[in-house]
4 protein chains.
Amino acid sequence: MPHHQHQELLKTLHECMAACNHCFDACLKEEDMKMMAECIRLDRECADICAYLEAAITRNSPFVSQLARVCAQICETCAEECRKHDHDHCQECADACMKCAEACRSVA
Amino acid sequence: MPHHQHQELLKTLHECMAACNHCFDACLKEEDMKMMAECIRLDRECADICAYLEAAITRNSPFVSQLARVCAQICETCAEECRKHDHDHCQECADACMKCAEACRSVA
Amino acid sequence: MPHHQHQELLKTLHECMAACNHCFDACLKEEDMKMMAECIRLDRECADICAYLEAAITRNSPFVSQLARVCAQICETCAEECRKHDHDHCQECADACMKCAEACRSVA
Amino acid sequence: MPHHQHQELLKTLHECMAACNHCFDACLKEEDMKMMAECIRLDRECADICAYLEAAITRNSPFVSQLARVCAQICETCAEECRKHDHDHCQECADACMKCAEACRSVA
């Protein structure tokens, strides 16, 4: 399968998508929701592009490197925002995003 | 994380998405492409709904069971079509779809 | 084009997607964000399924009616939540969702 | 609404998505399907990224310009491939893609 060379990246993208969507869900349940606004917004952006890139890799898209470049940027922005917040889900999301940004850069 | 109870389903959905997208890509490279038309169409349908459900589960969507019902149906239809073709990628896709249909039925 | 019979539905889905995503963005800017939590969650759910169904119709998916049934349900749930809030973007979103739910029911 | 400034772009993206998905469906019904393989592949790529960008614009994504740059590239590649084929759906798709590429370049 053409996407086997990207097996590690697929795993990293999946974990980042899951961490972002979990953070999105958890932020919506926080008491201090107002200060999580940008986190909620960026969690959605990041989860969506990671899922998109995952699918693109598995269908052997000719545009993986261009998409990975955008994905890396979005992951970095989401990581920066999440890092500001002490909630476990935010810190875990920041970690997943940083790891994913690096993995995306390597194929971009 | 709310989606941890669905960890096994997430893995099955991901494998089905990857198998369908790989089969889509491989069908486009076959010599006998004309007879693969419905396979190509259904591979796309099935990969897309599996990716959609995966994302929905991780964001703790209130509509997981309704989406899983549709996903099961699409997986079954794709499995039936793939089963007709001898290519390895079709048979592997049919297996992944059947497994995924069953997993989706269990949460639908 | 096979999707021409669905031209009106496509327009309604697009308007609902746009209204939900606008409401999502606007909710994230409200002062009383905490009380908008479910609205934010459902706006995303509804925008995503409307976009999904729009794409499915244009590619002549064999699963339009099943997807439309789920879409109608999600639109209705989102409409109910939005209706509770006085913000213009919520009321406009509720209107778009109700109209879309009805259109989806007619093809489901 | 933040996306009102992009109203024309949204319309162009929607038309391109619909043209690509119609071309995908129509290619799967052609007798000379084998020579349409790259067209089928690129129709899917292009429809998916147009739908993605449409949604991103309506939710006021901070990444519209980066996504529009990738979208423009994908539209151009799809237009080039479609232009090679005489089928009406291919020529119409090429036109929609060229128009969309230009519109995307203007916000990239």
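1. In this note, two residues are in contact when they have heavy atoms within 4.5 Å. The model is predicted, so that local features need pLDDT of at least 70 and side-chain atom pairs count only at pLDDT 80 or more, while totals for chains, interfaces and linings use all residues. Residues are numbered from 1 along each chain as its sequence is written, chains are lettered from A and ligands numbered from 1 in the order in which they are written, and side-chain values use heavy atoms, with hydrogens and water left out.

2. Leaving aside neighbours within four places in sequence, Arg44(B) is in contact with Phe24(B) in its own chain, with Arg59(C), and with Asn21(D), Phe24(D), Arg44(D), Ala47(D) and Asp48(D). Arg44(B) lies in helix H2 of chain B; helices (H or I, at least four residues) and strands (E, at least two) are DSSP runs, numbered from the N terminus.

3. Is Arg44(B) buried or exposed? Arg44(B) is buried, its relative accessible area being 0%. Buried means under 20% relative accessible area, exposed means over 50%, and partly exposed lies in between (1.4 Å probe, protein chains only). The side chain of Arg44(B) also makes a polar contact with the side chain of Asn21(D), at 2.9 Å. A polar contact is a pair of N or O atoms within 3.5 Å; within protein, one must be able to donate a hydrogen and the other to accept it, and residues adjacent in sequence count only if both atoms are side-chain atoms.

4. The interface of chain A and chain D comes next. Here 18 residues of chain A are in contact with 18 residues of chain D. The size of an interface is often given as the accessible area lost when the parts come together. Chain A and chain D bury about 1,800 Å² between them, with 60% of it on carbon and sulfur atoms. Of the area that chain A buries against chain D, 34% is supplied by Glu45(A), Arg59(A) and Phe63(A), more than by any other three residues. Buried area is the accessible area (1.4 Å probe) that two parts lose on being put together, summed over both.

5. Which polar features join chain A and chain D? The rule finds four salt bridges across this interface, a salt bridge being a side-chain nitrogen of Lys or Arg within 4 Å of a carboxyl oxygen of Asp or Glu. Asp48(D) forms a salt bridge with Arg59(A), and their closest N and O atoms are 3.6 Å apart. Eight residue pairs are in polar contact across the interface of chain A and chain D (both at pLDDT 80 or more). On the side of chain A that touches chain D, helix H2 (37-58) and helix H3 (64-83) of chain A each supply at least two residues. H2(A) gives the most to that side, with seven residues. By class, the residues of the side of chain A that touches chain D are eight nonpolar, five polar and five charged. Ala, Val, Leu, Ile, Met, Phe, Trp, Tyr, Cys and Pro count as nonpolar, Asp, Glu, Lys and Arg as charged, and the others, Gly among them, as polar.

6. The relation between these two chains can also be stated. A rotation of 180 degrees, with 0.0 Å of shift along its axis, superposes chain A on chain D (RMSD 0.0 Å). That is the relation of a two-fold axis. The same surface serves both copies, since 100% of the contact residues of chain A recur in chain D. Copies are superposed by least squares on the C-alpha atoms of residues with pLDDT of at least 70 in both.

7. Chain A also meets chain C. Between them, 15 residues of chain A are in contact with 15 residues of chain C. The buried area is about 1,400 Å², of which carbon and sulfur atoms give 52%. In chain A, Lys34(A), Arg41(A) and Arg44(A) lose the most area to chain C, together 45% of what that side buries. The count of salt bridges between chain A and chain C is four. Asp48(A) forms a salt bridge with Arg44(C), the closest N and O atoms being 3.2 Å apart.

8. Most residues other than glycine have a negative phi. Phi of Asn60(A), however, is positive, near 60 degrees. Asn60(A) is placed in the loop between H2 and H3 of chain A, and it counts as partly exposed at 28% relative accessibility.
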